[in-house]
Amino acid sequence: MDDLSQRHALACHVAREAGMLAMEYFCRRDELTVDAKGVQDWVSEADREVESLIRSRLAETFPRDGILGEEEGWQPGESAGYWVIDPIDGTTNFLRGLPDWGVVLAYVEQDQVQVGVTYAPIHELLYSAVRGQGAELNDQPLKRKEEAVAPDSALIYLGFGARNDLPAYKARLDYLYSCNMDQRRLGSAALALARTADGRVDGFFESRINLWDVAAGLLIVEEAGGWHNYIDRPLPRGEKMGVLACDASLETTLMPLFEIRG
Ligand code: IPD
Ligand code: CA
């Protein structure tokens with residue numbers, strides 16, 4: 001097995017193990033200690049413990065890789081690549097007993113995601129991708145349909161956090177309505193991207209988001225034949241990013257979302 005295949009296999013295994021631990025916390029979520037990191041931005045012992053499990057499992061097999069995680073930050077490594085992990089993406093959903101949250105691991109080399117895994121334990125769906133080798137959903141090949149999506153039949157997930165700009169969000173809604181597109185908010189960017197890859201929805205947009213929310217999902221969309229705005233562009237590591245991922249046929253219609261500032 002080559003290095004990327006090994007990291008892919010490990011990431012899938014660790015995502016499942018971490019998902020099982022997260023499920024234990026989910027089943028007794030009312031007992032968890034919850035802290036606010038900011039306005040409407042929560043962290044619980046579940047997020048911390050799941051991240052700690054993922055870090056130790058990755059370090060057992062690839063001790064020289066760096067790790068960037070949502071809860072513990074950046075730990076530099078000595079190898080050519082690093083992991084980007086979100087122990088629970090969709091923490092608000094998780095804490096409220098809503099089903100849309102997932103465990104997310106990505107491996108980055110040369111500023112590009114090489115391996116991406118998103119596991120949604122409640123849905124029992126494991127999405128993964130290796131650069132150049134395609135995407136999978138529960139070990140089956142994952143490809144978006146070939147047919148173009150007409151804007152007036154498209155369904156898009158929008159992301160919006162307390163740090164986002166409300167007038168800009170409203171202006172983006174106006175624009176989508178003017179295109180006769182339908183839209184939803186899910187509360188997990190990672191799952192929104194996974195569903196863009198599997199065709200349940202046709203796209204995802206969020207104007208200011210962290211790398212760990214989207215790194216895995218961007219590769220999964222790309223390898224499933226979709227488009228995103230970081231194809232052939234280096235990923236930022238320390239700053240918020242604006243992300244658009246969609247069926248390739250919707251790129252031109254959706255790009256004006258970036259012209260709305262904020
Ligand atoms: C959040 C979710 C949400 C997105 C936010 C993220 P968290 O991550 O992905 O959908 O809109 O920008 O911060 O806090 O649930 O891990
Ligand atoms: Ca997250």
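1. A search of the whole structure finds 16 salt bridges, a salt bridge being a side-chain nitrogen of Lys or Arg within 4 Å of a carboxyl oxygen of Asp or Glu. The model is predicted, so local features need pLDDT of at least 70 and side-chain atom pairs count only at pLDDT 80 or more, whereas totals for chains, interfaces and linings use all residues. Residues are numbered from 1 along each chain as its sequence is written, chains are lettered from A and ligands numbered from 1 in the order in which they are written, and side-chain values use heavy atoms, with hydrogens and water left out.

2. Domain division. The domain assignment of the protein gives domain 1 (3-142) and domain 2 (151-259); such bounds come from an automatic or database domain assignment. The contact between them draws 40 residues from domain 1 and 28 residues from domain 2, where contact means heavy atoms within 4.5 Å. Taken over C-alpha atoms, the centres of the two domains are 20 Å apart.

3. Area between the domains. Domain 1 and domain 2 bury about 2,600 Å² between them, with 64% of it on carbon and sulfur atoms. Buried area here is the accessible area (1.4 Å probe) that two parts lose on being put together, summed over both. On the side of domain 1, Asp89, Tyr127 and Leu142 lose the most area to domain 2, together 19% of what that side buries.

4. Polar links across the interface. Between domain 1 and domain 2 the count is 2 salt bridges. The rule also finds 14 residue pairs in polar contact across this interface, both residues being at pLDDT 80 or more. A polar contact is a pair of N or O atoms within 3.5 Å; within protein, one must be able to donate a hydrogen and the other to accept it, and residues adjacent in sequence count only if both atoms are side-chain atoms.

5. Elements on the domain 1 side. Strands S3 (66-69), S5 (81-89), S6 (102-109), S7 (112-120), S8 (125-130) and S9 (134-137) each supply at least two residues of the side of domain 1 that touches domain 2. S7 gives the most to that side, with 8 residues. By class, the residues of this side divide into 21 nonpolar, 13 polar and 6 charged; Ala, Val, Leu, Ile, Met, Phe, Trp, Tyr, Cys and Pro count as nonpolar, Asp, Glu, Lys and Arg as charged, and the others, Gly among them, as polar. Helices (H or I, at least four residues) and strands (E, at least two) are DSSP runs, numbered from the N terminus.

6. Helix H5. What encloses helix H5 (residues 189-198)? All of its residues, 10 of the 10, are buried, so H5 is largely enclosed by the rest of the structure. Buried means under 20% relative accessible area, exposed over 50%, and partly exposed in between (1.4 Å probe, protein chains only). Among the buried residues are Leu191, Leu193, Arg195 and Asp198. Arginine 195 and aspartate 100 meet through their side chains in a salt bridge (2.8 Å, N to O). Just after H5, glycine 199 takes a positive phi of about 85°.

7. Threonine 196. This residue lies in helix H5 and is buried, with a relative accessible area of 0%. A polar atom of the threonine 196 side chain lies 2.9 Å from the backbone oxygen of alanine 192. Not counting residues up to four places away in sequence, threonine 196 touches Arg144, Val201, Asp202, Gly203, Phe204, Val221, Ala245 and Cys246.

8. The side chains of aspartate 247 and arginine 144 form a salt bridge (2.8 Å, N to O). The pair links distant parts of the chain, 103 residues apart: aspartate 247 is in the loop between strand S15 (241-246) and helix H7 (251-254), and arginine 144 in the loop between strand S10 (140-142) and strand S11 (155-158). Aspartate 247 is buried at 6% relative accessible area, and arginine 144 is buried at 11%.

9. Further charged pairs. Lysine 37 forms a salt bridge with glutamate 71, their closest N and O atoms being 3.1 Å apart. Lysine 37 is partly exposed at 39% relative accessible area, and glutamate 71 is partly exposed at 21%. Arginine 64 and glutamate 78 also meet in a salt bridge (3.7 Å, N to O); arginine 64 is partly exposed at 47%, whereas glutamate 78 is exposed at 62%.
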